[in-house]
Amino acid sequence: MTSRKLLNDCFLTDKDRLSHEECLAILTSRLSVVAGIEEVPLGKTSGRWLATDITAPRNVPMHDNSAVDGYAFAAPVTGPMPVVTHIVAGDLRNHRLEPGQAARIFTGAVMPEGADTVAMQEDCTVNGDQVSVPLNLKRGANARRAGEDVAEGSAVLQSSARLRPQDMAALASFGLARVKVRAPIRVAILSNGDELLEPGAEIAQGQVYDSNRAMLQALIDTLPCEVTDLGILPDNAALIEATLTEVAKTHDVILTSGGASRGDEDHIITAIDNLGTRHLWQIAVKPGRPMSFGQIGDCVFLGLPGNPVAAFVCFLLYVRPSLTVLGGGNHQEPVRFPVAAGFDVPDKKPGRREFWRGWLEPGDGGRPVAHKFARDGSGLISGLRQATGLIEITESMTSVAKGDLVSFLPFTSFGIDS
Ligand code: AMP
Ligand code: MG
C-alpha cells in the first residue's frame, strides 16, 4: 500500500477570502497523485495520464526509404541509367545499385544500398530498360532518412503527459503494444438542496430540477475518472454526514454542489468540519465565492457553489486542476488570449477576480473581439451556453472600455469541445 496521506492539516482560512492565484496554488501544491498505475493496450490509452517517461526504442523510420513513386539512384547523374531492380513497400530483400544504375521504387520502399535520391515518376522518361531523370535533382531529394522523424534514444514523452491521438501514433510507431498509464480516480458526485428534483420526475411549485449533476458528470468525463453518482441529498445534516462518512472510505474525491454557504440550511461546510479538515472556504472570485476544499480521511472533498454557472466556472478553474493532480496528470494553465473587449463595463468591484461568459467575433481587420453575455446572474445557464470561453477580469481592474485588452480563456483549453 502506498501512503495516501494527501495534505497536512495546519492550513485553514476563512478569515480572509483567498485570491484565485492562492486558491489554485493551494490545490495544486497540496494535492499529490493518488491514482494507481496500470498497463493498458495502446488503443485504450487515449486521454489517459502517462505513468512513465518514454524514450524512443528505435529510429523512426527504421530505414532510409522513398517518399514517392519513382526511380532511385545516386546523385549526381549525367544521362540515362539502366533500371536494374524493382522495390515495393514491404520488400524485405537487400537491394544494391552500382554507380550509374537506377531502381524502380515505390513510396515507403527501403532505399537500395548505393542510392541516395529519388526522382518522381512524373518527371522521368523511360526508354526500354533505361530511365532518364531530371539532372538537377538535389542529392537526397524525395528520400526519407532513417530516424528523421524520431531518433533512437530521444526523449519523446514525459510521465504525467496526457496521451493525445498523435502521441498514440508515435507510441505505435515504436512498436509499443501496451503502455503504463494512471488508473482512473474514483470520484463521487452529489447535489444538495431540499428544492432539487431529479429530471424526469413530476415537478411541483418550489422545486428545481437538478442541472448540476448531469453537467458535472460530463465535465468529469473529460478526464480519466470513474464517477459514482450519489444523487440528490436533502438539507439534512445527519444524512449528509452519514453519506459523506461512508463514501469517503471508497473514493478518492467527493464533489458536491449546493449547500456550500453558511446559511442555516447549508450543511456541507459544517459536515466537513465535523468529519475531517477544511482547508479553504470562500474565495475572492465571481462567480464562485463559496468554493470549499478539505478532506475526510484520505478522501479529498471539493465543494462547489449550487448555482449552475458558479459550479461550472469553479469546476474549470479549481476542480479540473485538482482531479488532474490527483490522477497523476500534469496540470497546465489554460492559454489566455489577449483580445480587445467589444463591450463597456464602467464599474467592476476591485479586489476580486471575475470570469464573465463570453465569445469571440471578428472585428476590424478580422481581429477577434471578445463579447460578453449581457446578464451576470450565476443561475443563467443560457449565458454558459452562448459562451465559448471565459473573459478574465483581474482583481485590480475596476472598469473595462471597448477596445481594452482582456484575457479570453476558450473552453476548449478545459477539454470542452465547441
Ligand atoms: P446553495 O448553494 O445551496 O445556496 O444554492 C444556491 C442556488 O443554486 C439556489 O438557488 C439553488 O436552488 C441553486 N442550486 C443548487 N444546486 C442546484 C442544482 N444541482 N441544480 C440547479 N440549481 C441548483
Ligand atoms: Mg441550498
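Guide: Charges first. A salt bridge is a side-chain nitrogen of Lys or Arg within 4 Å of a carboxyl oxygen of Asp or Glu. This is a predicted model, where local features need pLDDT of at least 70 and side-chain atom pairs pLDDT 80 or more, while totals for chains, interfaces and linings use all residues. Residues are numbered from 1 along each chain as its sequence is written, chains are lettered from A and ligands numbered from 1 in the order written, and side-chain values use heavy atoms, without hydrogens or water.

The structure holds 23 salt bridges. One joins Arg48 and Glu38, with the closest N and O atoms 2.3 Å apart. This pair links distant parts of the chain, 10 residues apart: Glu38 is in strand E1 (37-41), and Arg48 is in the loop between E1 and strand E2 (54-55). Strands are DSSP runs of at least two residues, numbered from the N terminus.

Now ligand 1. 13 residues surround it, each with a heavy atom within 4 Å. The closest are Glu195, Asp210, Ser211, Gly259 and Asn307. Next come polar contacts, here pairs of N or O atoms within 3.5 Å. A polar backbone atom of Ser211 lies 3.0 Å from a ligand 1 nitrogen. For Asn212, a polar side-chain atom is 3.3 Å from a nitrogen of ligand 1. A polar backbone atom of Gly306 sits 3.3 Å from a ligand 1 oxygen. On its own, ligand 1 has 490 Å² of accessible area, and the protein covers 76% of that (Shrake-Rupley method, 1.4 Å probe).

Technical notes: Polar contact = N/O pair within 3.5 Å; in protein donor to acceptor, adjacent residues only side chain to side chain. Helix = DSSP H or I, 4+ residues; strand = E, 2+ residues; numbered from the N terminus.
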